[in-house]
Amino acid sequence: MHPYTPASMLSIVFSVFAMVLVFYIPISLCGYFNFGSSIQSNILRNFGDDTRFLVCRLGLGIMMICSYPLVQVSTRSALGRLVYGDSQELSYEHKVKLSMVILPVTVVVAYVMPSFGVVLAYNGAIFGTLQQLIFPSLAFYFISQKAGIKGCSSTIALVVATLGVVVACIGTGAQTYVLMTGQ
């Protein structure tokens, strides 16, 4: 195993982005060419009430139900570190308190949102850009600074992080506009 360096991190980031593009673009193009602009946010709705796709919807529902505890635990852990500090493991009492905040918030969001597609659109606009653009580029920037590496790559990392913030704002604003105007 090679030691982690900014150069190896950059190589990994570019490799991951390339793999995502190789898999995502053909799948999204097939969906678009199949349904055109009438494609729905949940593509399974485009297939009608065929039994095969009802089974797929059931599987998607089961997957969401089973993954919620995993997401909730990681959210609670991150929120606990933010609120209580990361010096120690959260006590049972703190875990219960945080869970009592997280659960109602997610239920209210699920109730208020008109479709799962809206939640996914906000998720992509906010958390997708954080995960794919902002956090990796800031991590690269800080690792480069700590390693004493100066130059163009640090500037590019800051530019990518800034563009990530712009993309997140535009995506969130556009989704809010669509939601408010009903388009």
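Modeller: The largest pocket holds about 1,100 Å³ of space, a volume that counts what is filled by probe spheres set on grid points joined across faces, edges and corners. A pocket here is an open set of points on a 1 Å grid over the protein atoms alone, where a 1.4 Å probe fits and protein lies on both sides within 12 Å along at least five of seven lines, and lining residues have an atom within 4 Å of a point. The model is predicted, with local features needing pLDDT of at least 70 and side-chain atom pairs pLDDT 80 or more, while totals for chains, interfaces and linings use all residues. Residues are numbered from 1 along each chain as its sequence is written, and side-chain values use heavy atoms, without hydrogens or water.

Of the 29 residues lining the largest pocket, those closest to its centre are Tyr68, Thr106, Val109, Phe116 and Val119. Helix 2 (51–84), helix 3 (92–112) and helix 4 (116–147) each bring at least two residues to this lining, and helix 2 has the largest share, at 10 residues; helices are DSSP runs of H or I, at least four residues, numbered from the N terminus. By class the lining of the largest pocket comprises 19 nonpolar residues, nine polar ones and one charged one, where Ala, Val, Leu, Ile, Met, Phe, Trp, Tyr, Cys and Pro are nonpolar, Asp, Glu, Lys and Arg charged, and the others, including Gly, polar.

Helix 4 also takes part in the second largest pocket, where helix 4 and helix 1 (6–35) each supply at least two lining residues. That second pocket contains about 780 Å³ of space, and among its 18 lining residues Tyr24, Ile27, Ser28, Ser41 and Leu120 lie nearest its centre. Helix 1 contributes the most to the lining of the second largest pocket, namely 10 residues, and the classes in that lining are 12 nonpolar, six polar and no charged residues.

The buried residues of helix 5 are Ser154, Ala157, Ala161, Gly164, Ala168 and Gln175, buried being under 20% relative accessible area with a 1.4 Å probe and protein chains only. For Ser154 the relative accessible area is 5%, and beyond its neighbours within four places in sequence it is in contact (heavy atoms within 4.5 Å) with Tyr141, Ser144, Gln145 and Ile149.

Methods. Buried < 20%, exposed > 50% of the residue type's maximum accessible area, 1.4 Å probe, protein only.
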